[in-house]
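Could you walk me through this protein model, starting from its inside? I'd like to know what gathers there and which parts of the chain contribute.

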Amino acid sequence: MQDAIIKGIGNSRYLKTVGEALSLYPTYEDFLQAMIAGTFPVDFNGINKDGWTQQGTLLNKANLLSDTVISTLGLSTGVNSTPNDAFNVLANIGNVHVWRKTVVAEEEIPAGYTLGPVQNSNIDIFGGYSNYNVTERGVWRYSKTISVDANGTISLDNYSLLDVESTWSGNNNDAYVAKQCLSGSFAICIDAPTGWDSENIHPLYPPIVGKVYFFPDDIEVLDIERPDTSGYLEVAANKYQEVTSNPYVPAGTHITYLTSTNRNAYQEGDDAKEAGYVLGEVVTGTFYLTSTQGIARYTQLAYGDANSIQVSDNGTVSLNGTAITLNVSANMNDVLTTLNAIRGKYIEIKEVYSDHWEDISFSKGHVYFVPSDVQIADPVLTGGVRVLTLNKYQEVTGYPAIPAGTTIEYLGVLGDKTSIETGSYVGTGTYGSGNPNTLTFRFEPKFVHIQAGNIGKEDSSGFKFAFFVLGTKGFSIGPGSANELYNLNAKFDGNTLSWYLGNAAQQLNTKSANYFFIALG
């Protein structure tokens, strides 16, 4: 009877309190078995105060985001993918490019790391102070060695803590201590400066929280005065290297899929290729180079020629130590100075006045190319605010290196299917370069076949069909049993195909004749 009561209550409704539930179990062993079986009738989560009539399915990898779905969507984040990654891909169906990456490992590849090129630019160690008033801090973990697990996750070995604020004594002791700790060390910033005064002044070169950096033995750590008029100082190291990890790869052939909304995100090919970059189309308009928050506010940028470009193995583009730093503001002198400095050059914005990045047209950490015919102006906005503008630029997109033993193939756009279009036209009898035939399709065709139907009385020779293949010439075949082959002067231009030849029959444009076509894309 008691067992029946227990089962009846347990199956019908979960109880509100642990005391009520414990009273249902005659022995401690019964209680433990209920806990193990997941039938202990208590709502521990407090979600349903009246209890649960049925316990929901527990979330796990298989029912939340399985490996099959990850593979189908081509998620480049692999086993670490989240439902958010999947939803992002689905939201961009038709705009997500997919590559197949094949790694052939004759022997297993152990997990490890590589150091990027030395960045000869200041990286902020902690925020700013004025006189002896500490107003921000920077907290770092540092260690002489690191470990990389099978998934490529980096951890510091036996790390120590560097809390720059606590070392401040008003006599540059903070910079001295930071150098002693960071020289020859790997370090991760775990508490970056974020805005420590009323104007939210941001560090010149803020580190990325959670990213691993290596600081060479010969770094200098100095108190650097900001280029603005705030009087604030920052503690910064003058060089660093980015740390990139690789996961463990067992021997054999391994296939994964890479995805991006950027067609140039990965290069294709076999075996080792260096990382590189491509220039996007020229973008024209009016683009703010300085903030709109006040008159003559400065922007700090670096500029250089092609020799100043460096691309890390993961495809990150930046300017190297040969780049020149320039502080510009919206006045006549700076218009001419900036124009002469950056036209025909690559630029990277380093700092914007008071951290007002939302006011300018360029993103932090991105490299752009400024065409040599650029125009720069300093218009006055409503309220008397003067800004510095330029009228054109090109995006610089980096692509990662291809390691040895690796093949990357472009597969197309996720969600794309084979496109087919059919139709017909009636010949007009015209021909030649001045009278080409033209067909426009709903998509870019890869192959077009044209078939003659009834041939008009003006041409009984009967040219039967023609075909065109993207990237090659077109051909028409006929007449009758002779099956002569004629090269058509064909041109593919996006979704449009045009062609011509020396007479109407060969051009498949016999007057009053019906022609039918099929296009594949």
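The largest nonpolar core has 23 residues, and L301, I342, I349, F362 and L390 touch the most other members. A nonpolar core here is a set of buried Ala, Val, Leu, Ile, Met, Phe, Trp, Tyr and Cys residues joined through side-chain atoms within 4.5 Å; buried means under 20% relative accessible area, using a 1.4 Å probe and protein chains only. The elements giving two or more residues to this core are β17 (299–304), β20 (324–328), α9 (332–342), β21 (346–352) and β24 (389–399). Helix α9 makes the largest share, four residues. Helices (H or I, at least four residues) and strands (E, at least two) are DSSP runs numbered from the N terminus.

This is a predicted model: local features need pLDDT of at least 70, side-chain atom pairs count only at pLDDT 80 or more, and totals for chains, interfaces and linings use all residues. Residues are numbered from 1 along each chain as its sequence is written, and side-chain values use heavy atoms, leaving out hydrogens and water.

Now zoom in on L390. Leaving aside residues up to four places away in sequence, L390 touches G285, T286, F287, L289, I342, F362, V374, Q375 and I376, where a contact means heavy atoms within 4.5 Å.

There's also a second, separate core of 19 residues, with F126, W140, V221 and A237 among them. Look at strand β5 (residues 139–143): four of its five residues are buried. β5 pairs antiparallel with β8 (residues 160–163) over four bridges; pairing takes at least two DSSP bridges. In β8, L162 is the bridge partner of W140.

Stepping back, 42% of the protein's 521 residues count as buried.

Technical notes: Buried < 20%, exposed > 50% of the residue type's maximum accessible area, 1.4 Å probe, protein only.
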